[in-house]
Amino acid sequence: MAKSNEWGRFEPADQSERYNIIGSSQGVGGSGKTHFWLTAPDPIAVFLFDPAGLKGLTGRAEFRDKDIRVINYYEKVNLGSMREKEDRAKASLEALHDFREDWTIALKKARTVVWDKEDHIWEMMRYATHEDYSAEPKTFYELNMEYRGMFADAEACGVNFGVIRGMREKWGKTGVSRATGRPTYGGLGELIPRGQKEVEELVQINLDHYWNEEQRTFIVKILDKCRLGNAVELLGQELANLDFLTLAMLLYPDADPSVWE
């Protein structure tokens, strides 16, 4: 007699490994974020919203022979140059339509996909959906769902996915007015990443990039999210002149380097 399946639709967990990294890179301008992701395996598909994002990089000897494909989205949706919300909404809606098609192609063709910058994509999606960037956060449920879905798509397709994030000064309570007794608000002197609020949760690893003047080198710090490798050892590490392969071997120490070719 056939044995009943007491586990129903549950199946044994797949223990095979898929070699890819989904990460966020935050830091001020010129801190090496884009350079790091261009050291990832090619073909590399770049969704370029920052007109200076690749400036001075693709012509370097280390990248000259890499297969790097780019769509200059800043030509489609330069929101900063548009004064009227209606114009920003129209341009964003048109760009978002193209973006969804390009995203599907990138997942099929690329080994590494890069958003430069993630916060610009979030702005485009918000304007395309609501026509007003000041809309209340509670109205963004469906938009957040689509955003999460793209990170899930990248993992399901096994691509490396790097989202580059700009920084802004954190805003909050700074004290109490002597004149009115009411709280005062302003910049708190702390930089935090711009963009969608769930990114740090959606990725596998969060990286902070900065220039160390004393050492005269670029530093990458592994922040408070590292789902791969030995997190106990890796969290908080600061690595000089880090490239993608070095990080990959830290996160997948038992893998053969050839899997990243």
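**Helix pairs and cysteines**

Select helix H3 (residues 85-109) together with helix H4 (residues 118-130): their axes come within 7 Å and cross at roughly 115 degrees, where axes are lines fitted to C-alpha atoms, for helices over the stretch in contact, and angles run from 0 to 180 degrees between N-to-C directions. H3 is therefore roughly perpendicular to H4, a term that covers 65 to 115 degrees.

Next, show the side of H3 that carries Arg88, Ala89, Ser92, Leu93, Ala95, Leu96 and Phe99, which meet Ile121, Met124, Met125, Tyr127 and Ala128 of H4, contact meaning heavy atoms within 4.5 Å. By class, ten of these residues are nonpolar, one is polar and one is charged.

This is a predicted model, in which local features need pLDDT of at least 70 and side-chain atom pairs count only at pLDDT 80 or more, while totals for chains, interfaces and linings use all residues. Residues are numbered from 1 along each chain as its sequence is written, and side-chain values use heavy atoms, with hydrogens and water left out.

On H4, select Glu118, Ile121, Trp122, Met125, Arg126 and Thr129, and on H5 select Leu143, Asn144, Glu146, Tyr147 and Met150, to display the contact.

Finally, select Cys157, which is partly exposed at a relative accessible area of 43%, and then Cys226, which is buried at 10%; buried means under 20%, exposed over 50%, and partly exposed in between (1.4 Å probe, protein chains only).

Notes: Helix = DSSP H or I, 4+ residues; strand = E, 2+ residues; numbered from the N terminus. Parallel < 35°, antiparallel > 145°, perpendicular 65-115°, else oblique. Nonpolar A, V, L, I, M, F, W, Y, C, P; charged D, E, K, R; others polar.
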